[in-house]
Amino acid sequence: MPPVPIPSVSKTLADFVAASSWTDVEAQSLEARRSILNFFATALGSARDPVVIAAMRTLSPFTGAATSTVIGHSQPMDALCASFLNAISANLLDFDDTHPETIIHPAAPVAAPILALSEMRKLSGRDVLTAFILGVDVECRIGNAVSPRHYARGWHITSTCGIFGAAAACAKLLGLPAAGIANAIGLAASQSAGNVENLPSAAKNVSVGNAARNGLFAALLAQQGYEASPRAIEGPLGWARTMGDEPDIARLLDGLGKTWEIAKNTYKPYPAGIVFHAVIDACLSLRQRIGGRVDQIELVTVQGSALLLARGDRPVNNERDARVSIHHCVACGLLLGTAGVAEFTHETVVRPDIAQLRQKVRAVLDGAMPDGAARVTLRLSSGEVLTETVIAPRGSLAAPLTDRDLEAKLREAMRTGRSDWDADRVIDAIWRLDSVDDVGNLLQSLRPASR
């Protein structure tokens, strides 16, 4: 018998997106709003970071009609520029949401362009939430189909898969038919990029910003009749094979429209790579157990999976290194007893006592440990040995952050980011997003008056 042809991924996903309505996704609305609340928290926390300001200066001479809000600022920019800026600011501190199966950070590449587009088109909150939920499903399902080899080859999966979610969500908001949505997804395949080597630098955020902006661009091109190959993703010379291996189509399509990837979303209590959260939790617990005897620590051994060591067994030269460092996360947990935004700033990274404790940390592979778990063992000068194992860290699906935790995270982000936006107004606006007739008016009401 001849082999059964692989269905067109673009067409199958486009048919699903085109046919889905608010009624289909309403049950996921609370998780969508939690994700968007976290998106605003992370964007507000770094809206005035020098990286974001430099990007604003770069784009300002080229911006078109100023239709769309730049989170944390008073002056709007055009939708493409706002998409880029809001995505990079939401991703900058490594504090954004995480899809555990792929380690995609779903919100930044999808929320940024759909919010920018909503201001142009006067769209309702339900329209925006519907598109957001569908976009997250598309990006994470494509990520499922190529994980983990795609990331292992050096592709930054939030950027490379996020653009598909952005394209599908924006095409939905533009009201494109299934054929147009399929073209938008195919056009996204031609623009997908981002590499893991750049994670310790701001270049990582450029590819996340491009995923948002170019996803919107793909949808706008499709609206004008641009076409793409129906097998741009899974074809013999398509996206998946050029950037990894043959995609797992069954994993991509399994439960489509019945199970939702956003239901698996998690939120970070610490602004560091998610695989380090168990390390931090273990060290916070050990700090309590040793009762202030940090100066007696002779050796810290961290055991974890190959993923933990690959991501975080690295020297620390700057604050970006620190956010993906086993050694720095140990120092924060044991010496400082906290791991917030301030603990990953340059001032903390260069502290002599922090640097000294980092030198006492050794990372050891334990192939039996699941990804996201860690075992931390202290050896004290007295000869005492203490061990703490964390399998399900705070913020994971097994120990999720509450709505109040996310609100507190936003308030803290506004303080550390020195934002002049009003936290209560932002929080209230996002919780009632499903009842808003015009998201553009809502976003404009959050911006302080220009000085």
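Q: Which residues lie nearest the centre of the largest cavity?
A: This is a predicted model, to start with. In it, Asp-94, His-105, Tyr-151, Leu-199 and Arg-311 lie nearest the centre of the largest cavity. The lining has 16 residues.

Q: How much space lies in the largest cavity?
A: About 170 Å³.

Q: And by class, what is the lining of the largest cavity?
A: Seven residues are nonpolar, five are polar and four are charged.

Q: How many cavities of 30 Å³ or more does the structure hold?
A: Three.

Q: How do we find empty space at all?
A: You roll a probe the size of a water molecule over the atoms, and that shows where empty space is left.

Q: Which helix gives the largest share of the pocket's lining?
A: That's α15, with four residues. Helix α15 covers 306-312. Helix α8, at 149-152, also supplies at least two.

Q: What's the lining of the largest pocket by class?
A: It has 19 nonpolar residues, seven polar and six charged.

Q: Switching to helix packing. At what angle do α9 and α11 pack?
A: About 25 degrees, with their axes 7 Å apart. Helix α9 is residues 157-173, and α11 is residues 203-223. Angles under 35 degrees count as roughly parallel, so α9 is roughly parallel to α11.

Q: Is that crossing left-handed or right-handed?
A: The crossing of α9 and α11 is right-handed.

Q: Which residues make the contact?
A: From α9, they include Gly-162, Ile-163, Ala-166 and Cys-170. From α11, they include Lys-204, Val-208, Ala-211 and Leu-216. By class, the contact has 11 nonpolar residues, six polar and one charged.

Q: What about α5 and α6, at what angle do they pack?
A: About 145 degrees, with axes 8 Å apart. Here α5 is residues 79-91 and α6 is residues 107-121. Their crossing is right-handed.

Q: Which residues of α5 and α6 touch?
A: On α5, among them are Ala-82, Ser-83, Asn-86 and Ala-90. On α6, they are Ala-108, Ala-112, Pro-113, Ala-116 and Met-120.

Note on methods
Residues numbered from 1 in each chain as written. Predicted model: local features only at pLDDT ≥ 70, side-chain atom pairs only at ≥ 80, totals over all residues. Heavy atoms only, no water. Axes fitted to C-alpha atoms, helices over the stretch in contact; angles between N-to-C directions. Parallel < 35°, antiparallel > 145°, perpendicular 65-115°, else oblique. Left-handed = near helix turned anticlockwise from the far one by under 90°. Contact = heavy atoms within 4.5 Å. Nonpolar A, V, L, I, M, F, W, Y, C, P; charged D, E, K, R; others polar. 1 Å grid on protein atoms, 1.4 Å probe; cavity = no way out; pocket = protein on both sides within 12 Å on 5 of 7 lines; lining within 4 Å. Points joined across faces, edges and corners; volume = space filled by probe spheres on them.
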